[in-house]
Amino acid sequence: MSASAWRAAAYGLPVCFLALFFAYPLAAIIERGLSAGEAAGSALDVLTDPITRDVVWFTVWQALASTALTLTLALPGAYVLGRYAFPGRAVARALVTVPFVLPTVVVALAFLAVLPARLERGWLAILVAHAFFNVAVVVRIVGTFWAGLDPRVSEAAATLGAGPWRSLREVTLPLLAPALAAAAAIVFLFTFTSFGVVLVLGGPRYSTIETEIYNQAVRIFDLRAAAILALVQLAFVAAVVWIATRLEARLAVAGQALPEQDVLRPPRGRREKGLVAGSLGGLALFLGVPLAVLVERSLAVGDAYGFAAYRALVEPTGALLATPWEAIVNSLVYAGAATALAVGIGGPAAFAIAGRGERETRRARLLESLLTLPLGASAVMLGFGFVIAFDTAPIDFRSEPWIIPVVQALVAIPFVVRIVAPTLRAIDERQREAAAVLGAPPGRVLREIDLPIAARALAVAAGFAFAISLGEFGATVFLARPESPTLPVAIFRFLGRPGELNAGQAYALAVILMVVVALSVFMVERLRTRRAGWF
């Protein structure tokens, strides 16, 4: 394949995929909603409704508060992992990442299990669960950037008489500003569009734009109101994505001043060892206790502990038209297909985004922004849009089993791009130039230089895409056929039915999903390269 043909495919494939499976479904449901009746008047009524104002205010407020809480809890861990080398550091990085790739419904279930009854539903539970879910974003982005800062700058400040707090305030934080801003923007985006956590922990009193879209579209069946709320959310998301992309561009420009191995050092003295132990211990308690209680609840069925809930997973149940074990198999198959799709589309897109030249950079930023939009768009509206948009021949895809991997790949592709593109940007341009001087055409340079170097990053991206696809819930709940549920859908359905055994099976499925996700993350950590993006 010639260089021009490869470039056309690298840009054209993801754009066509987004146009058909992202833009078209959203346009279809917005058109359906706004064309039903007096659209303009209805839109004004919805936007000026006090309930809408309350929902928008709570969505913004809880996203800001969740971001602030996440930064506060994660920064000590980011410092320790970004400054010190110690046994088990790679394991610690992997364990911190596990909550991030868990399905939101599993995270909500964990906090239902660990919080006291008076706190398990409300704004505080939402904020804490969001912090639990997003700590990994701050630890990995800020910690990775911190590991590249030259420690001699802080040492020089100390030599000039600056105390630890003044050095942190006047030297370290300004240097970390690009990473902190990028991490904060991404956490805000995830918490602004959170669905499973708010749906389970918010109760009837607290609702965000995302859960209100679900309520209007599914429970009240007011498609017009749901569409208008989706437009409001998309406007917010587009603004945040633009800001996040600009901040990440600054982060890429700032780069890493030093290789990680030149910065990390073992903790010295009792103070530094205590700091490492205290930071990691606090983080382990915050992240580990909910997951440990989740395991405990899966075993506590009846008057004693046992494996009754796990044994029941192979038996038919009234909550599903399939056995829970079949839901496990379905999830693995769908996630595998979604991973192949995400790498097949996101990989070429990463090559395009990492292209050189000013013109290529402008195109790359536009493509990267477009690929980020599915992360912030309403998964509920996307799933509902699939149902409406693909309901007539020749694109009657609603009942096709492959539609689930497609919607899961939409969420996974941005992570593939963000993992692979930094590796490609880090390739020394002199390697390509030397190959060209020796007579290698562009296609051979791509095949024999870029692809071998990017192979490890592609493997890392595949691992994350698999873990993320396993946990997709918001759109899959619309598309999964009753006889072919996925694990998150099965967990949600078990939670909606009374009975101790149903609750135990929900917890058991959550534990199984957690174990599979954890294994994927540990494999990714073993493959990870220093230049493999955030993760």
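Biologist: What is the mean pLDDT of the chain?

Modeller: This is a predicted model. The mean pLDDT of the chain is 79, and 80% of its residues reach 70 or more.

Biologist: Which elements have the lowest and the highest mean pLDDT?

Modeller: The lowest mean belongs to helix 12, residues 260-263, at 62. The highest is 90, for helix 3, residues 50-83.

Biologist: Where does pLDDT stay under 50?

Modeller: Over residues 530-535. The model still has 28 contacts for that stretch beyond four places in sequence.

Biologist: Next topic, helix packing. At roughly what angle do the axes of helix 5 and helix 6 cross?

Modeller: Roughly 125°, and the two axes come within 10 Å. Helix 5 is therefore oblique to helix 6. Helix 5 covers residues 104-114 and helix 6 covers residues 123-146.

Biologist: Is the crossing of helix 5 and helix 6 left-handed or right-handed?

Modeller: Helix 5 passes helix 6 in a right-handed crossing.

Biologist: Which residues meet there, helix 5 to helix 6?

Modeller: From helix 5, Thr104, Val107 and Phe111; from helix 6, Val128, Ala129, Phe132 and Phe133. The residues of this contact are six nonpolar and one polar, with no charged ones.

Biologist: And helix 10 with helix 17, how do their axes cross?

Modeller: The axes of helix 10 (residues 209-219) and helix 17 (residues 379-389) cross at roughly 35° and come within 8 Å. Glu210, Ile213, Tyr214 and Ala217 in helix 10 meet Ala379, Val380, Met381 and Phe384 in helix 17. Seven residues of that contact are nonpolar, one is charged and none is polar.

Biologist: Now single residues. Is Gln505 buried or exposed?

Modeller: Gln505 is in helix 23, residues 500-527. Gln505 counts as buried because its relative accessibility is 3%, and the cut-off for buried is under 20%.

Biologist: What does Gln505 touch?

Modeller: Leaving out residues up to four places away in sequence, Gln505 touches Ala309, Ala312, Leu313, Thr317, Pro324 and Phe494.

Biologist: What about Val516, where does it lie?

Modeller: Val516 lies in helix 23. With a relative accessible area of 24%, Val516 is partly exposed.

Biologist: And which residues does Val516 touch?

Modeller: Leu332, Phe466 and Leu470, not counting residues up to four places away in sequence. Val516 and Leu470 are 46 residues apart along the chain, and their C-alpha atoms are separated by 8.9 Å.

Technical notes. Residues numbered from 1 in each chain as written. Predicted model: local features only at pLDDT ≥ 70, side-chain atom pairs only at ≥ 80, totals over all residues. Heavy atoms only, no water. Axes fitted to C-alpha atoms, helices over the stretch in contact; angles between N-to-C directions. Helix = DSSP H or I, 4+ residues; strand = E, 2+ residues; numbered from the N terminus. Parallel < 35°, antiparallel > 145°, perpendicular 65-115°, else oblique. Left-handed = near helix turned anticlockwise from the far one by under 90°. Contact = heavy atoms within 4.5 Å. Nonpolar A, V, L, I, M, F, W, Y, C, P; charged D, E, K, R; others polar. pLDDT = per-residue confidence, 0-100. Buried < 20%, exposed > 50% of the residue type's maximum accessible area, 1.4 Å probe, protein only.
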